[in-house]
Number of protein chains: 2
Amino acid sequence: MDQDAPIGPVTDRESALARDDKLELRVWLRLLTCANLIEARVRAGLREDFSITLPRFDLLAQLDRAPDGLTMGELSDRLMVSNGNITGLVERLVSEGLIARAPSPSDRRRSRVKLTPAGKRAFDAMTPTHERWIDDLFAGLSRAEMAELLALLAKLKRSIQGSGPGAALKDNP
Amino acid sequence: MDQDAPIGPVTDRESALARDDKLELRVWLRLLTCANLIEARVRAGLREDFSITLPRFDLLAQLDRAPDGLTMGELSDRLMVSNGNITGLVERLVSEGLIARAPSPSDRRRSRVKLTPAGKRAFDAMTPTHERWIDDLFAGLSRAEMAELLALLAKLKRSIQGSGPGAALKDNP
DNA sequence: GACGATTATTTTAAGCTTAAAATAATTCAT
DNA sequence: ATGAATTATTTTAAGCTTAAAATAATCGTC
């Protein structure tokens with residue numbers, strides 16, 4: 001028996017943090033908790049309703065937004081996973097007939113990956129349900145709160161990208 | 001030929017979303033982007049500076065906050081991973097000598113996992129550096145902004161837990 | 001106190017993920 | 001043009017992760 005239904009008080013990574021801990025750490029752990037909770041719901045929904053995994057869905061979603069297809073490297077960037085990861089993921093989706101690979105004419109190192117008609121159809125069948133799940137998960141927030149959250153996350157994203165490796169040697173204006 | 005410089009603008013999952021897309025989806029994807037970026041930094045830092053993986057560090061961190069140790073199930077809840085996952089993670093950390101398992105005297109199904117002195121020492125050696133990484137990543141936000149973000153994420157967390165499976169049959173006040 | 005239901009954990013099979021090394025094609029400065 | 005450096009991708013080995021089934025112990029009830 002699996003016991004993964006989070007009924008009752010959830011005791012996650014961040015709930016146990018004493019309240020005098022560092023603010024940065026608390027925000028990070030709460031952010032991680034939210035991301036994990038949402039991801040778990042979406043993953044379960046995709047499996048139960050569509051028998052597909054989250055990584056495969058994410059890859060299809062990227063291709064759906066790119067009518068001309070994407071290279072392996074572009075997929076790796078957008079999904080924020082290692083390039084070696086994409087190789088296997090693409091292989092599995094090709095063998096399922098949901099995507100197709102074609103060598104790039106100009107650069108023989110590259111290949112371009114596209115949705116097949118079947119892949120497009122499969123993705124379109126999942127989108128409305130997926131969007132409903134997300135809407136439900138955010139139902140407790142007003143549009144103003146979501147906008148505020150979006151803005152703060154944008155600032156955080158810039159902060160992250162401004163720190164770390166190469167922060168000093170940026171050549172951007 | 002690629003217009004994407006290695007340092008230049010990052011093209012991740014959410015950057016490509018048209019701005020008329022649903023607000024909920026945009027917040028979710030930006031949240032995911034931030035979580036992925038932070039996780040990647042921490043993962044790389046732990047590997048480079050301490051030769052440890054993120055899951056192992058996370059498990060040690062949970063045990064550090066639990067002087068009396070935790071059961072396998074408690075670890076699974078707190079780290080928000082499957083119970084089967086914990087089995088292997090604990091095995092590896094036991095074989096490294098960083099944690100120890102002891103059968104629960106009252107319930108022979110359970111076992112209690114604790115940090116060993118070596119594990120405590122190893123974790124204490126990593127903590128300050130880890131905290132510095134997090135502080136750096138959040139350096140672009142004021143304390144007020146972090147507090148606001150923390151509050152919005154708390155609201156989101158409640159929203160998530162209030163939706164989904166069993167939302168109607170909650171027995172909590 | 002026996003028995004069905006519940007709970008804690010492990011096992012299994014498959015898939016995901018990473019970092020590092022390897023392969024192969026392109027670019028660039030001679 | 002040649003060769004060094006760069007870029008795109010695959011391979012490899014190890015580890016992580018999940019869902020589902022299996023095992024085993026406890027609990028509740030009669």
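In what order do the three strands of the open sheet in chain A lie? Here are a few notes to read beside the model.

1. This is a predicted model: local features need pLDDT of at least 70, side-chain atom pairs count only at pLDDT 80 or more, and totals for chains, interfaces and linings use all residues. Residues are numbered from 1 along each chain as its sequence is written, with chains lettered from A and ligands numbered from 1 in the order in which they are written.

2. The sheet order is β1-β3-β2 (chain A), with antiparallel pairing (strands are DSSP runs of E, at least two residues, and helices are runs of H or I, at least four, numbered from the N terminus; two strands pair if DSSP finds at least two bridges between them). At the edges are β1 (70–71) and β2 (99–103) of chain A, each pairing on one side only.

3. Five bridges join β2(A) to β3 (residues 111–115) of chain A in the antiparallel sense. Opposite A:Ile99 you will find A:Leu115 in β3(A).

4. Now to DNA strand C: 28 residues surround it, near meaning that the C-beta atom, placed from the backbone, lies within 6 Å. Among the closest are A:Val81, A:Asn85 and B:Gly73. The largest share of this surface, five residues, comes from α4(A).
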